[in-house]
Each structure stands twice: as structure tokens, then as C-alpha cells.
Amino acid sequence: MLTTMHHFTDTRLRRVVRTLLERAGSEPAEAAQVADHLVDANLRGHDSHGVGMIPHYVHNITGKTMRPNTGLSVVRDGGAVMGFDGGMGFGQRVGAEMMEHLIPRARELGAVVASLRNVHHLGRIGAYAEMAVAAGLVSIHFVNVIGHPPLVAPHRGSQARFGTNPIAIGVPGTSRHAPFLLDMATSRIALGKVRVALNKGERVEPGILVDADGQPTTDPKVMFPDDEALRGALLPLGLHKGYGLLFAAELLAGVVGGGETSHPGTAGRDTICNGMLSVVIDPASLTDPEGMERELDIIVDYVTSSPPANPDEPVLVAGAPERMTMEKRLAEGIPVDPVTWEGILDAGERVGLPRSEAQALVSGA
Ligand code: NAD
């Protein structure tokens, strides 16, 4: 199916999303922070975690399963170990507030381990690694997802048991090389990418989905069935090894972090709730910064000197695809498919933002 994409500048998209979130009840600063996080995800090519999440957020606000204007609470402060509760506030706000605690703490003590529980969708987890990296710190994040039916089947299973449990790892760059920024779902692809395929009328690649009978399928509809009995599942990345990572994120974020795990008792809340275990390290507490920079340059040069198997596809370092997409989208605008845009307009109407006003905000009229 051929779809005509809208193209919006990031500034105009930020403006309409900020206004919509304010109408949904967020104070202006929170609305701006969430809008920036979502549009930044689109700019980096992660449409799955961009403005397309708005209808879900509005659904959860109106259903009172998430609470706008709720900041981070410190529930435990043991110095190098901290515990936080998100009060089901916007993850984009609460997660950033957590990093603002962890960055000075890691500088002071060399490292800090933190758990965050009971927070609404944290969005693009790489955003938190980027905050640490911008401060010259290393950060590692393991996340689990509860509050709605599970999406990812265990290796050898046919029914879903987990969320798409992302992992993010950031290592600062050097004067010659950009930071390493690995940010990935532990499913073969993120659910939002299946939604994007469905909205565009496309199929997904083989090996990503199974149907309700556990049979391989490329039809994205199995993840958004009209009949719950027909729900399929995403598969973990990398067979048993990816399944191990997916399970590890569940245990670290949902058990060790003092939160909750994915099971029938937590699946029926009609919301998106994340748990996160984060480790932030000041590398200067482990090694001398010059030696680290030298070694980083050596390894990145060596890895990227591997001749590409396909000359059109050079060897990249994690974080590079997002930077390249951002450069392109800043210049050409952010493509938004019509189904996603329609969902945003509908969500806007539900919170008192008429379509005509939303259209005017995004078109600059
Ligand atoms: P992806 O598959 O697009 O990218 C994963 C990682 O691979 C990125 O770090 C990227 O830089 C790197 N990469 C891509 N191509 C590469 C190449 N050729 N060479 C080297 N590295 C390369 O990401 P995804 O798994 O679809 O995740 C999308 C987003 O969804 C992430 O931001 C993630 O945090 C988010 N997410 C959030 C939740 C949540 O509950 N909050 C759940 C799942 C995913």
C-alpha cells in the first residue's frame, strides 16, 4: 500500500505536541519536556517512540492510569545506591529527574546504582544514556514493562510473557569519535515498529513475529488483533541469547530494582508502566581520561576499518544511525504517516485541541 507521508519540521511538531499535552493537563514545563523527548525520538529515526505514542498517553491520562504533573520521589538513599518511585508520572520527566540525581552522585562517588519503579512509559531509553554521556559518564540501563498484556514470547515459547525490555549503554566519545550509544529493545524489533508497519500497510520481515498458534508470520496485525484470542507475539532477538538478555532486564528492572514483573497480575492495568535499573559510572574513577581516550580511538578505528561486506553499507558504531537520521530529518522534516497523524488529531480533540488548531500549529499558520 502506498501512503503519502506528512513532513513536519521538528519545531512545529514540538509546538503541536506541547499544546496537546498542556490541554491534557500537563504544566507547560512538563508538556515541553515530554514533547521534546518524543520529537527527539522521531528526529533520531525512532518513530516507534515518538509522537505516535500520544494517543496512548491521552488514553492513559483520561483513564487515570498515568498522572501528569508528578515528579520523582526518592524512596532510598544509601549513597552509591538510590531508589526512586515515579508515581506513574510521565517517564520522560521522571527519568530525566532521576538522571539529574545520578550524574552528580556518580561524579562524587565514582559510581551509583539506582532503581526506578512505578513510572509511566520512559520513552526512548537512550535519552537517559545521552544525558550521562554528555556529562562524560558511562551509563547502563535495564528496563522492564508491565501494565498491559505481554508482547514477547520466551525462546521456544509461543505465547508472550514479557514486554520488549530495552537495554541502553552509553560510553562517552573522544575528540575524534562520537559516543557509543547502544539503545535497543530485546525483542527482534520494538512493538512501535510493528505499529508503524501496520499504519503504513507494510509487512514485517520474517523471523520477527509468531501468530496466536506460534506459527511464523509477517503480518503486523497479529500484534493489534480485533479479537484478543488472535494475539500473536514478538520473538526475542538472537534466539536463546537474546532471550537471556530479555529475561535479565526483567529480573534487574523488575525484581532487583524492587518493582514488579510481567505476569497476569500486572498485565490488566490498561497502561504502560516501566521499571528501570541504572548504573552510572565516572570512568575517571577507574582509569585516567587520556588513556581511556587513546584506547577508545584505537578500538573504534580498528573496528570501523573492517572492510564492509557490502560497499554501500559501511561498518558503524551504535549511535551513528540515529545521528545520521537526525541530520537528514532536521534538514528535510520529520515524516509522519497519515494513520499516526490522524491518531494524534483524534487524541487532541479528546483533550480539547480542535483539529483546525492542531493543523494550524503544525503548518505554521
Ligand atoms: P534499533 O533496532 O533501531 O537500534 C538498536 C541499536 O542498534 C541502536 O543503538 C542503534 O544505534 C544500533 N544500530 C542500528 N544499526 C546499526 C548498525 N548498522 N551498526 C551498528 N549499530 C547499529 O532500536 P530498537 O530496538 O527498535 O529500539 C527503539 C527504541 O525503542 C529505543 O530507543 C528503545 O529505548 C525504545 N524502547 C523503549 C521501551 C520502553 O518500554 N520504554 C521498550 C522497547 C523499546
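**View A. Contribution of β7 to the ligand shell.** In this predicted model, β7 supplies 4 residues to the shell around the ligand, the largest share. The strand β7 spans residues 180-184. Asp-183 is one of the residues that come nearest to the ligand.

**View B. Composition of the ligand shell.** By residue class, the shell comprises 11 nonpolar, 7 polar and 4 charged residues.

**View C. Polar contacts between the ligand and the protein backbone.** A polar backbone atom of Gly-123 lies 3.0 Å from a nitrogen atom of the ligand. For Ile-125, a backbone N or O atom is placed 3.0 Å from an oxygen atom of the ligand. Leu-181 likewise has a backbone N or O atom at 3.0 Å from a ligand oxygen atom. On its own, the ligand has 870 Å² of accessible area, and the protein covers 78% of this area.

**View D. Pro-311 in the loop between α9 and α10.** Pro-311 is located in the loop that joins α9 (289-304) to α10 (320-332). Pro-311 counts as exposed because its relative accessibility is 70%, and the exposed class begins over 50%. Ala-160 is 151 residues away from Pro-311 along the chain, and the C-alpha atoms of these two residues are separated by 38 Å.

Definitions and conventions: Residues are numbered from 1 along each chain as its sequence is written. This is a predicted model: local features need pLDDT of at least 70, side-chain atom pairs count only at pLDDT 80 or more; totals for chains, interfaces and linings use all residues. Side-chain values use heavy atoms; hydrogens and water are left out. Helices (H or I, at least four residues) and strands (E, at least two) are DSSP runs, numbered from the N terminus. Buried means under 20% relative accessible area, exposed over 50%, partly exposed in between (1.4 Å probe, protein chains only). A residue is near a molecule or strand if one of its heavy atoms lies within 4 Å of it. A polar contact is a pair of N or O atoms within 3.5 Å; within protein, one must be able to donate a hydrogen and the other to accept it, and residues adjacent in sequence count only if both atoms are side-chain atoms. Accessible areas come from the Shrake-Rupley method with a 1.4 Å probe; for residues, only the protein chains shown count as cover. Ala, Val, Leu, Ile, Met, Phe, Trp, Tyr, Cys and Pro count as nonpolar, Asp, Glu, Lys and Arg as charged, and the others, Gly among them, as polar.
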